[in-house]
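Hi,

Here is the structure I promised to pass on.

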Amino acid sequence: MLGIEGEAPASYNSLNDTNYLEQLVEGDADILLAYAELDKLDNLGLAYIPLIRSPFVAMVSMDSPLASMKSVTMDDLRSYRFVKFADGYSLSGWTNIERVCQEHGYTPRTRAVLGRTYMNYCAIPLGVEDVMILQASMPQLRYLSDFSRVTVLPVTDDDAAFRLYAIYKKDNYERVRPALDAYTRARKIILNHGKGGTLVDSE
């Protein structure tokens, strides 16, 4: 909990729900930390500050034709089948992935996977035509090749990235300002905690 003098404290909650933006609009949360579509936020009258940009990496089977490459582009992935986690937590991330694919001229073929935990990344077998898009900032990536027949390839396109925002209602700014100030000061700490992301100028 965090508050300012004379005001009720801002409350935090984990909203693993497909209606998380609606819950913010309705006042069930004060701030969301999420990967989001800016057009959608603007249409809902929500404000936001950028925190971290985490580039895409593509995880593929060692049997995939891509496995011998040092890096890939979104166009290299055009004919492959994207693993899509079918749960509320992953929804905004998948929307980001799909938008980037569409900006590169295609709608990705998908393979839906129910449920999502960090261990799913290791436990889900990947076929030769499968690709799983993950955040470069995930610390688990460095261990995957130790016990899984996978390889992780950087995606080199500038727009191929997840962008984490602190999102809040515009008319709630004074209430959440202390938290926003704290997030701004702590961005370097956030970056160091998850290697692979880059700080985003909040101006």
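Before the details, one term: helices here are DSSP runs of H or I at least four residues long, and they are numbered from the N terminus. Also keep in mind that this is a predicted model.

Let's start with Asn 96, which sits in helix H3, residues 88–103. Its relative accessible area is 5%, so Asn 96 counts as buried, given that the cut-off for buried is under 20%. What does Asn 96 touch, leaving out residues up to four places away in sequence? The list is Phe 56, Ala 161, Phe 162 and Arg 163. With Ala 161 there is a polar pairing too: a polar atom of the Asn 96 side chain lies 3.4 Å from the backbone oxygen of Ala 161.

That takes us to strand S7, which covers residues 161–169. Seven of its nine residues are buried, so this strand is mostly covered. S7 runs antiparallel to strand S1 (residues 32–35), with four bridges joining them; one of the pairs is Leu 32 with Ile 167. S7 also pairs with strand S2 (residues 46–61), again in the antiparallel sense, over nine bridges. There, Ala 47 stands opposite Tyr 168.

Strand S2 also holds Ser 61. Is Ser 61 buried or exposed? Buried, because its relative accessibility is 5%. A polar atom of its side chain lies 3.0 Å from the backbone nitrogen of Asp 63. Setting aside neighbours within four places in sequence, Ser 61 is in contact with Ala 67, Leu 126, Gly 127, Arg 149 and Val 150.

Cheers

Notes: Residues numbered from 1 in each chain as written. Predicted model: local features only at pLDDT ≥ 70, side-chain atom pairs only at ≥ 80, totals over all residues. Heavy atoms only, no water. Helix = DSSP H or I, 4+ residues; strand = E, 2+ residues; numbered from the N terminus. Buried < 20%, exposed > 50% of the residue type's maximum accessible area, 1.4 Å probe, protein only. Polar contact = N/O pair within 3.5 Å; in protein donor to acceptor, adjacent residues only side chain to side chain. Contact = heavy atoms within 4.5 Å. Pairing = 2+ DSSP bridges.
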